[in-house]
Amino acid sequence: MRATHRVYLHQMLLSESCDNLLPEWAFFVRAVVDSSDLRPTASREALFEDELLEGTRERLGEVVRGWLTRMLTADPAVAEAFLDVHRLAVKAMAGQDDAMLDVVARLLTFETTVGDVTLDELRRTEPLLCYVTSVTDFQQVAPIATAEGLSVVNAGYAYDLPIIARYARRHPDLETQRLVPTDLMAHLEEPDPDEAHRFAPLVSAAQEVLRRAGCEPQLRSFTPAHLHALLLTDRDARLERERQLVEADSDEIWAGLLATQNRGDRRPSFVLNSRSQTLRRLADAGDPDLQAVAVEALYAHALVAGRHRLRPVDSAIVARALPRLIDALLERETRHGD
């Protein structure tokens with residue numbers, strides 16, 4: 001909510017709800033001012049927007065920034081309480097002001113794959129600052145990056161990207177790199193030929209099962225081994241999934257229009273982990289029916305774990321995956337019992 005202020009001109013009340021006296025980022029400040037130079041509007045209910053008011057607004061903004069910088073630096077207890085409430089306002093200022101950026105880089109923590117750390121701490125320990133631009137991307141890369149010891153910053157929250165960009169310009173020695181989930185494929189080890197041959201029937205079953213879902217099964221070796229599979233999407237693949245989702249819920253005219261916006265063959269990667277003991281047993285099972293229903297269950301789990309939006313085809317797979325897996329296991333037990 002934009003702040004409002006009480007304004008007097010020559011000690012006469014002009015307004016108790018003036019909303020253009022301070023910069024927009026200073027929404028946490030309520031001001032009471034008396035001026036002899038600012039001009040009222042014709043109705044005498046607000047301040048007239050001119051160069052004098054603009055200069056006053058900038059100067060008052062400098063005063064607020066100076067107070068914040070001193071307070072955040074000198075009084076940690078008050079600073080912590082203030083940031084709990086006004087974190088966004090401070091981040092908004094840091095993207096525009098170097099003095100506030102220095103304070104934020106020293107005091108404000110960012111979510112990363114190695115825990116919550118400040119930008120200054122990252123610069124001291126990491127030669128390269130990797131970041132993702134959405135919370136969804138962070139949820140996809142976090143398990144792998146954590147296991148591989150790769151530090152990735154979640155810059156999917158408000159004002160994070162301007163702060164990182166300004167911080168990088170202020171510290172030329174720090175390299176930054178935007179990471180998208182599909183970039184992780186370069187960090188995942190390809191299996192040797194024997195492993196690839198061992199998993200070929202399972203990968204083939206995944207290709208058949210996930211053809212309608214528009215995913216490309218891939219086999220890689222990565223940690224943690226208990227992570228059986230994951231679904232990696234880049235921005236174009238995610239937008240294409242969103243387009244399909246909207247198209248499915250649209251009438252004939254809108255569906256036809258959306259069909260013309262097809263972004264091409266940008267398919268998510270469904271990555272199977274050859275280090276998973278469960279998948280190794282599944283690959284050795286030699287049961288195509290069991291492999292098919294298991295792939296559906298793994299895909300459903302990857303959708304939910306990555307918090308991907310579900311298209312109708314995805315919802316259908318999620319709904320039937322567990323019942324079909326249970327049925328397949330019961331049938332397998334029945335055959336063994338006979």
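Which residues line the largest cavity? Select R2, A3, H5, D19, L22, P23, E24, A26 and F27 in this predicted model. The space they line has a volume of about 50 Å³, and one cavity of 30 Å³ or more is counted.

Next, go to the largest nonpolar core, which has 45 residues. Show L21, F28, L47, L72 and M100, the residues with the most contacts inside this core. Several elements supply at least two residues each, among them the strands β1 (5–9), β2 (12–18) and β6 (128–132) and the helices α1 (51–74), α3 (98–107) and α6 (160–170). The helix α2 gives the most, with eight residues.

Centre on L72. Apart from neighbours within four places in sequence, L72 is in contact with A79, F82, L83, V90, M100, V103 and L107.

Then move to V203, A213, A294 and Y299, which belong to a second, separate core of 27 residues.

The last stops are in the backbone. Most residues other than glycine have a negative phi, and most peptide bonds are trans. Select T223 and P224: the peptide bond joining them is cis, with omega about 0°. P224 sits in the loop between β9 (216–220) and β10 (229–232).

In the loop between β3 (32–35) and α1, pick R44, a non-glycine residue whose phi is positive, near 55°. Finish at Y159, in the loop between β7 (152–154) and α6. Y159 is not a glycine either, and has a positive phi of about 75°. Its relative accessibility is 39%, so Y159 counts as partly exposed.

Terms used. Residues numbered from 1 in each chain as written. Predicted model: local features only at pLDDT ≥ 70, side-chain atom pairs only at ≥ 80, totals over all residues. Heavy atoms only, no water. 1 Å grid on protein atoms, 1.4 Å probe; cavity = no way out; pocket = protein on both sides within 12 Å on 5 of 7 lines; lining within 4 Å. Points joined across faces, edges and corners; volume = space filled by probe spheres on them. Core = buried A, V, L, I, M, F, W, Y, C linked by side-chain atoms within 4.5 Å. Buried < 20%, exposed > 50% of the residue type's maximum accessible area, 1.4 Å probe, protein only. Helix = DSSP H or I, 4+ residues; strand = E, 2+ residues; numbered from the N terminus. Contact = heavy atoms within 4.5 Å.
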